[in-house]
6 protein chains.
Amino acid sequence: MKTVVVAPHPDDEVLGTGGTLLRRKAEDETIAWLIVTGITGEMGWSEEKINQRAHEIKRVTELFGFDSVFELNFPTTQLDQVPMSDLVAAISNVFKKFEPEEVFVPHPADVHTDHRMVFDAVASCTKWFRYLSVKRVLAYETLSETDFGLGTSQGFRPNVFVNIEPYLDDKIRAMDIYASEIGEFPFPRSHEAIQALAILRGAASGFKTAEAFELLRERL
Amino acid sequence: MKTVVVAPHPDDEVLGTGGTLLRRKAEDETIAWLIVTGITGEMGWSEEKINQRAHEIKRVTELFGFDSVFELNFPTTQLDQVPMSDLVAAISNVFKKFEPEEVFVPHPADVHTDHRMVFDAVASCTKWFRYLSVKRVLAYETLSETDFGLGTSQGFRPNVFVNIEPYLDDKIRAMDIYASEIGEFPFPRSHEAIQALAILRGAASGFKTAEAFELLRERL
Amino acid sequence: MKTVVVAPHPDDEVLGTGGTLLRRKAEDETIAWLIVTGITGEMGWSEEKINQRAHEIKRVTELFGFDSVFELNFPTTQLDQVPMSDLVAAISNVFKKFEPEEVFVPHPADVHTDHRMVFDAVASCTKWFRYLSVKRVLAYETLSETDFGLGTSQGFRPNVFVNIEPYLDDKIRAMDIYASEIGEFPFPRSHEAIQALAILRGAASGFKTAEAFELLRERL
Amino acid sequence: MKTVVVAPHPDDEVLGTGGTLLRRKAEDETIAWLIVTGITGEMGWSEEKINQRAHEIKRVTELFGFDSVFELNFPTTQLDQVPMSDLVAAISNVFKKFEPEEVFVPHPADVHTDHRMVFDAVASCTKWFRYLSVKRVLAYETLSETDFGLGTSQGFRPNVFVNIEPYLDDKIRAMDIYASEIGEFPFPRSHEAIQALAILRGAASGFKTAEAFELLRERL
Amino acid sequence: MKTVVVAPHPDDEVLGTGGTLLRRKAEDETIAWLIVTGITGEMGWSEEKINQRAHEIKRVTELFGFDSVFELNFPTTQLDQVPMSDLVAAISNVFKKFEPEEVFVPHPADVHTDHRMVFDAVASCTKWFRYLSVKRVLAYETLSETDFGLGTSQGFRPNVFVNIEPYLDDKIRAMDIYASEIGEFPFPRSHEAIQALAILRGAASGFKTAEAFELLRERL
Amino acid sequence: MKTVVVAPHPDDEVLGTGGTLLRRKAEDETIAWLIVTGITGEMGWSEEKINQRAHEIKRVTELFGFDSVFELNFPTTQLDQVPMSDLVAAISNVFKKFEPEEVFVPHPADVHTDHRMVFDAVASCTKWFRYLSVKRVLAYETLSETDFGLGTSQGFRPNVFVNIEPYLDDKIRAMDIYASEIGEFPFPRSHEAIQALAILRGAASGFKTAEAFELLRERL
């Protein structure tokens, strides 16, 4: 099986699907990472920060053993300024090339606009008659985004639970690579919160630790 | 894989999961039929009707090749008069004995009270710490029930589509066994409506004909 | 009664409301077609394609007998790049001029961004104190859009069913005019899928074929 | 058109549909009142109270000019103790006899269990293949019930607004007949609250006063 | 402030509101425990089990310092067999006597029928014109019930987070009193799961540990 | 307590929170007004209109006794053209400076795009780890916007009711300052509709007049 995780920003892939990706890889599946946004000098980022980000992506790629990494480099926190048709075209290109069977997307109730834009764009790339490879689409939950949605439409309701017991340590190790994104608990992107979420999803599904998803579409 | 379909009344299993069950069987899986209600003389049914129903169940069992059939014989159209704890206990017994991995249940928005009672009872039999065998729970749609729900809570939203192309003819043949339940189109339990639903679900998923389900819980 | 169908792209009016429009016309009502997007040379479309589109619109207009056709010519697949206030102003102009009593709009859960933008813009043109003519607003379903929404908010829940039995053939004939939009089943914009949807909506409402809508607002 | 309002208890018909019924009658339609519950001596009600109730029903019948009144006399506040099949059978009998085209029911999110039981039972009596006369089903709102629902599923979302300007005074007069049910504002069953609701629904729809409904199903 | 927690079964009050109750008490508020179900010899429970339950209730009462404990002793797991009017009357009596300002109820999407019956009954006891004391109603989440709901209506969506940092240890100590209800992780009623839930709710609200609730109604 | 109302346009603060703000002020709380949009000459507004608007803001400020007024001056009716990151940054600045504990926002189901943009932007400014001062976030209802939403996701469901009896007259007086925004009933921004809404919310909560809100998040 070929799996792709669509991450608005680097670190979403770890928070939402880290354990599952490590398990897929351990099971000899092909995994890919589609990073939608990037940071550049024109956007005002320092070279140091840009280099650091590139270094983080490299290390995370190695840790997970990603078979492919796609960087779209749209401007971070400004996806609402990108034409939806450009976003769709770029994601479509990746899907045509990688031909994923399993797709992980952020949840549409996440508080971050970038997450919602990515959700909408990916949704347009899952019609079977254009993307026949896609068999399963699942939304993941992102600590510090999914749990901060204020909206009044339906929030994250997990219906798929994946046992990640052997992989939680490496998931946290992967998160540690993003040193500037992680913080002291009760900050939600922290060791304690990541662990607590894994334990809670495990208690709901009979595993020591688990990741939870909302299945959006599957064709069998 | 061991699959059980929980049918409030005989014929729900055909309408909701007929094609999928035939496919499971063709793929050498073990399939079971749990019929929740029955008809008896004390309820005022004629012996002829009772015998006919038994005959229908026998023929459907043969056609699908059910490995197990469980008849709970609760009074039809009167499940709201059965203590929920009795209903749960009876279904629980079957689950303990058959140890299903995949469970198909009616949708909670169906208009028929029996369907909603069965949904509630099965939901109580899917906690992993009591029914460790259960890996997947899916709600099916029943022509003449799911499409007639008037409620204002969320209706059937399919997220799993199963290719039943080689099996639609046999599904309709199975439905024909229930001669008194099937009618002339536009009656919803008719050849034309069954076919149209299969075609429409197929168009949504890239198959000539399909059955659609709402995944409620899966543990992997 | 004066009816307008708001179509993000030509063919949405056929898929969503073709039978109902033909029936309205047969009943001597006044019907209008508001096409929100268009294709132009500046957007990179060939003259041949542009001419063909114009020809299709002409033929569909004749087939339905539209009393008015309004073409707003906003850029197709790029409505998210159009200021909402421009979109509202353009639709508002049409509503002021045509003074519709019945308005058909795409469903807000459709997967296509253009559809959702159109829904939002039309919603702003239905306040009674600005558009007193509007008596009824209904959302229609569009094969290949409404059935592909992945969102987690509520999907299409039809509550109005219109008998289109005498009109289905002409609806399909109208769809055939859009030769490049229609395909081989199981493609959703196909004869088979259109027919299956009409049959299924009919089975739900007691007609041989029907179109279904979600009533959003009516004042009587 | 033949219209029936299904009232769990006498006074629900006034609160939810009083103005609309008066308008239907003024427009020469046939209107019926189906009262689901009743009070009897066996339930412990005094003869005086029973007589008073009968008198109230008589006066309300006269004021509205009901063409038919059906009293099912199920025990008030105890509908959850009535077999659903009995409730359905009794309502079914009335529908078979009166053959309503338009049906008004309480909203399923009302806080009173009786209201929810009545909703479920009526829902079973609206399938077109058993009750071909039924063309429209609408849920009404009941002051002191609909506005006190605590549930987390979707509440009352009106989509049909009916101008009752000429009828509000008589609606309030009808409510006054139920002297023991009406109270001093801010009690919700009071002149002021009834008037405020009518004004608010009017402001939403362009009428001086209106009643609002949630259309659940219509076949045209 | 006077606070009451309505617990279908003993231990729900600890799981859902343990930390908050301890905090209320520490802040010198008056707290009450309304236990809806009980176990008796007639229901087939052994004297030993009955005594043990009484002992547990005594110890929990002492640990929390409940000012009042109300035991309704309806049959456990069989609330659906109790007339709703009896349930409402019994809870109503307690509310009239204790006059709570703050009420905690189980969530209506919990998988256990008893929880849903209790929710419905309490909802009937929160109308201001009958229970003027009630100022706030909140739904709590119960590990092993709220997280196992399979329904398709909206699940638990917390909007109130209460800091329970100084009280988590005592909450777990209280849970330990119910020796037969607690188990080895990943069982959901375990030290680890209770702690993980508290940490996760804390991460969402800026506290080391927290309890989360869904506010249903408040009057200020 | 420090309270801020975020108003897309001047007058939203009166319609949604007028009574509550007056009560806060009477209770000696600190209140602020954040006006998101403005009108300028470049946008084509006449100097007379601009001056009038400034005068209105001045008078409303005096009437409420606002301790702070923040005018962001984004272009009215065109917030969808403003980068979300600019909108967030501007609101963030105000929140950093004023440090509100209580935040009132428009409802996400309002029909006006500006309202929805403001909701999304404020939602990004309520994460506790960036805006520790924020303790409570509530959505208000705006006559002529909240009641005209056509969407199919969940509408306004009030769960907090605030007694504004002593303040309704001043609320209406404040609204009168916006002479061009108020109209003759049944126009929704009219004395009658404002009064009716206050009465209806009062009837639901036991006050002569009330304002209703939907609590979105609270940390205690």
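Mentor: Chain B can be laid on chain E by a turn of 120° and a shift of 0.0 Å along the axis, with an RMSD of 0.0 Å; for this, copies are superposed by least squares on the C-alpha atoms of residues with pLDDT of at least 70 in both. That is the relation of a three-fold axis. Among the residues of chain B, S153(B) comes closest to this rotation axis, its C-alpha lying at 3.4 Å.

Please bear in mind that this is a predicted model, in which local features need pLDDT of at least 70, side-chain atom pairs count only at pLDDT 80 or more, and totals for chains, interfaces and linings use all residues. Residues are numbered from 1 along each chain as its sequence is written, chains are lettered from A and ligands numbered from 1 in the order in which they are written, and side-chain values use heavy atoms, with hydrogens and water left out.

Consider now the contact of chain B with chain E. It takes 20 residues from chain B and 19 residues from chain E, where contact means heavy atoms within 4.5 Å. Only 5% of the interface residues of chain B are also interface residues in chain E, so the two copies meet through different surfaces. The size of an interface is often given as the accessible area lost when the parts come together. Between chain B and chain E the buried area is about 1600 Å², of which carbon and sulfur atoms give 61%; this is the accessible area (1.4 Å probe) that two parts lose on being put together, summed over both.

Across the interface of chain B and chain E the rule finds 2 salt bridges, a salt bridge being a side-chain nitrogen of Lys or Arg within 4 Å of a carboxyl oxygen of Asp or Glu. K127(B) forms a salt bridge with E145(E), and their closest N and O atoms are 3.2 Å apart. There are also 5 residue pairs in polar contact across the interface of chain B and chain E, both residues at pLDDT 80 or more. A polar contact is a pair of N or O atoms within 3.5 Å; within protein, one must be able to donate a hydrogen and the other to accept it, and residues adjacent in sequence count only if both atoms are side-chain atoms. By class, the side of chain B that touches chain E has 10 nonpolar, 6 polar and 4 charged residues (Ala, Val, Leu, Ile, Met, Phe, Trp, Tyr, Cys and Pro count as nonpolar, Asp, Glu, Lys and Arg as charged, and the others, Gly among them, as polar).

Chain E also meets chain A. A rotation of 180° with 0.0 Å of shift along its axis superposes chain A on chain E, with an RMSD of 0.0 Å. That is the relation of a two-fold axis. The same surface serves both copies, for 100% of the contact residues of chain A recur in chain E. Of the residues of chain A, A196(A) comes closest to the rotation axis, at 2.2 Å for its C-alpha.

In this contact, 24 residues of chain A touch 24 residues of chain E. Chain A and chain E bury about 1800 Å² between them, 66% of it on carbon and sulfur atoms. The side of chain A that touches chain E divides into 13 nonpolar, 8 polar and 3 charged residues.
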